[in-house]
Amino acid sequence: MRDSVDEFMDQWAAQRTDLDLDAMGTVGRILRLSRLVNARLKDYFTQYDMETWEFDVLATLRRSGQPLTAKALAGSIMIGSAALTNRIDRLVARGLVTRESVPGDRRSLHIALTAEGRDLVDRTVEGHVQNQLKILAGLTPDDREDLTRVLRTLLVSLGDTR
């Protein structure tokens, strides 16, 4: 079985016989996989008039079970504070989150789900899980377990730890 990356690898191998291309093939597959998965996620969330990043913010707040500071929220979804401010502004405008002052700290704000935001994330999360299962349908349960282990090892090696 061959994938689209194999063609690129064959071309490189023909042009640069001196290079070890294994890492290029692996990273290329990770990048292509990321794009394909993101497209499937985007398609799913479109039916709820939602962007993937909106679900990420709402789901992060929902699973935390409490309001989060902007700093904690930004760290959890791995974006910068400027990007988060823009996203929160848009979610506030849609009535999905609120900003609340943190008692005793005038510089910090808590970001909290509104009832509408909680309802939206609760309505979408079950279908989101089913969509993810469809994305992974080409793998056996053992394959998924192996892939999870390998990806976790790579993420940890790149510093993605808590």
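**Labels and their grounds**

Author: Leaving aside neighbours within four places in sequence, Thr60 is in contact with Phe55, Leu68, Leu73, Ser76 and Ile77, where contact means heavy atoms within 4.5 Å. The model is predicted, and local features need pLDDT of at least 70 and side-chain atom pairs pLDDT 80 or more, whereas totals for chains, interfaces and linings use all residues. Residues are numbered from 1 along each chain as its sequence is written, and side-chain values use heavy atoms, with hydrogens and water left out.

Reader: What makes Leu109 buried, exposed or partly exposed?

Author: The relative accessibility of Leu109 is 33%, so this residue counts as partly exposed. Leu109 is found in strand S3, residues 105–113, and, apart from neighbours within four places in sequence, its contacts include Leu68, Ala70 and Arg99.

Reader: What describes the packing of H2 and H6?

Author: Two packed helices are described by the angle between their axes and the distance between the axes. The axes are lines fitted to C-alpha atoms over the stretch in contact, with angles from 0 to 180 degrees between N-to-C directions. On that basis H2 (residues 22–46) and H6 (residues 115–135) come within 10 Å and cross at roughly 145 degrees. The residues that meet include Arg40, Tyr44 and Phe45 in H2 and His128 and Ile135 in H6.

Reader: Why is the pair of Tyr44 and Tyr48 called tilted?

Author: Rings of Phe, Tyr and Trp (its six-membered ring) pair if their centres lie within 6.5 Å, and planes under 30 degrees apart count as stacked, over 60 as edge-to-face and the rest as tilted. For Tyr44 and Tyr48 the centres are 5.5 Å apart and the planes 55 degrees apart, so the pair is tilted. Tyr44, at 9% relative accessibility, counts as buried, while Tyr48, at 24%, counts as partly exposed.

Reader: What makes the pair of Phe45 and Phe55 stacked?

Author: The centre-to-centre distance of Phe45 and Phe55 is 4.7 Å and the angle between the planes is 25 degrees, so by the same rule the pair is stacked. Phe45 lies in helix H2 and Phe55 in helix H3, so the pair ties together parts that are 10 residues apart in sequence. Phe45 and Phe55 are both buried, and ring pairs link Tyr44, Phe45, Tyr48 and Phe55 into a cluster.

Reader: How do you know whether Asp49 is buried or exposed?

Author: The relative accessible area of Asp49 is 61%, so Asp49 is exposed. Its place is in the loop between H2 and H3. Most residues other than glycine have a negative phi, whereas Asp49, which is not a glycine, has a positive phi of about 55 degrees.

Technical notes. Helices (H or I, at least four residues) and strands (E, at least two) are DSSP runs, numbered from the N terminus. Buried means under 20% relative accessible area, exposed over 50%, partly exposed in between (1.4 Å probe, protein chains only).
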